[in-house]
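Here is a short briefing on one protein chain. Topics follow in groups, with cut-offs given where a term comes up.

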Amino acid sequence: MGKKFQDGKFYLVREDVLPEAMKKTLDAKELIERGKAESVWEAVNRVDLSRSAFYKYRDTVFPFHTVVKERIITLFFHLEDRSGTLSHLLSETAKHGCNILTIHQTIPLQGRANVTLSLNVTDLTVGLEELLARLRRLEFVEKVEVLGSGA
């Protein structure tokens, strides 16, 4: 979901009043997302929709559950192994409205440890890029990478 998606107005509309092409676009997108169709061409053929209609609506029509879904990201950190670093990292993420869902830390080797955090960022108080910048500025953080996100 890009900037275009975030800036527009949205309406909740009952399925029975949607044009057939929009319903079929949703069906085709679901086939692709679930791996039941390997390509747009295969998906649109299975739901009897033109590719042009699919491309017209694919970024404008979404199932309700995808719009209200929690925003979850997974971050990978390479940290210096010092007392209190994990605690400080968790405190910093929580301070910005992140809810910590999972934590995985490797055994420190040669003064370094890897930590993977899964965070619910629905209530994030700063932008995601700003959060990453603030985490990178922590003196014990050597590296931060976004491993994945689900929005």
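**Briefing**

F54 counts as buried because its relative accessibility is 3%; buried means under 20% relative accessible area, exposed over 50%, and partly exposed in between (1.4 Å probe, protein chains only). This is a predicted model: local features need pLDDT of at least 70, side-chain atom pairs count only at pLDDT 80 or more, and totals for chains, interfaces and linings use all residues. Residues are numbered from 1 along each chain as its sequence is written, and side-chain values use heavy atoms, with hydrogens and water left out.

**Aromatic pair**

- Rings of Phe, Tyr and Trp (its six-membered ring) pair if their centres lie within 6.5 Å; planes under 30 degrees apart count as stacked, over 60 as edge-to-face and the rest as tilted.
- The count by this rule is one aromatic pair.
- F54 and Y55 form that pair, edge-to-face, at 5.4 Å centre to centre with 80 degrees between the planes.
- F54 is buried at 3%, whereas Y55 is partly exposed at 37% relative accessibility.

**Overall fold**

- The chain has seven helices and four strands; helices (H or I, at least four residues) and strands (E, at least two) are DSSP runs, numbered from the N terminus.
- Along the sequence, the pattern reads α-α-α-α-α-β-α-β-β-α-β.
- The chain has 151 residues, of which 33% count as buried.
- Contact means heavy atoms within 4.5 Å. Among contacts between residues at least 6 apart in sequence, 67% join residues at least 24 apart.
- Accessible areas come from the Shrake-Rupley method with a 1.4 Å probe; for residues, only the protein chains shown count as cover.

**Salt bridges within helices**

- Side chains of opposite charge can pair when their charged atoms come close.
- The whole structure holds 13 salt bridges, each a side-chain nitrogen of Lys or Arg within 4 Å of a carboxyl oxygen of Asp or Glu.
- K23 bridges to E20, with the closest N and O atoms 3.8 Å apart. The two are separated by about one helical turn because they sit three residues apart in helix 2.
- K23 counts as buried at 19% relative accessibility, while E20 is partly exposed at 48%.
- R46 bridges to E42, with the closest N and O atoms 4.0 Å apart. Both lie in helix 3 (residues 40-47), four residues apart, about one turn of the helix.
- R46 is partly exposed at 49% relative accessibility, and E42 is partly exposed at 26%.

**A salt bridge between loops**

- R82 and E139 meet through their side chains in a salt bridge of 2.8 Å, N to O.
- R82 lies in the loop between strand 1 (72-80) and helix 6 (85-95), and E139 in the loop between helix 7 (128-136) and strand 4 (141-150), so the pair ties together parts that are 57 residues apart in sequence.
- R82 is partly exposed, with a relative accessible area of 34%; E139 counts as exposed at 62% relative accessibility.

**Surface patch**

- Y11, V13 and V17 form a nonpolar patch on the surface, with about 340 Å² of accessible area together.
- Patches are made of residues with over 30% relative accessible area and no salt bridge: like charges are joined within 9 Å, nonpolar side chains (Val, Leu, Ile, Met, Phe, Trp, Tyr) within 5 Å.
- V13 sits in the loop between helix 1 (3-7) and helix 2 (20-33). V13 counts as partly exposed, at 44% relative accessibility.
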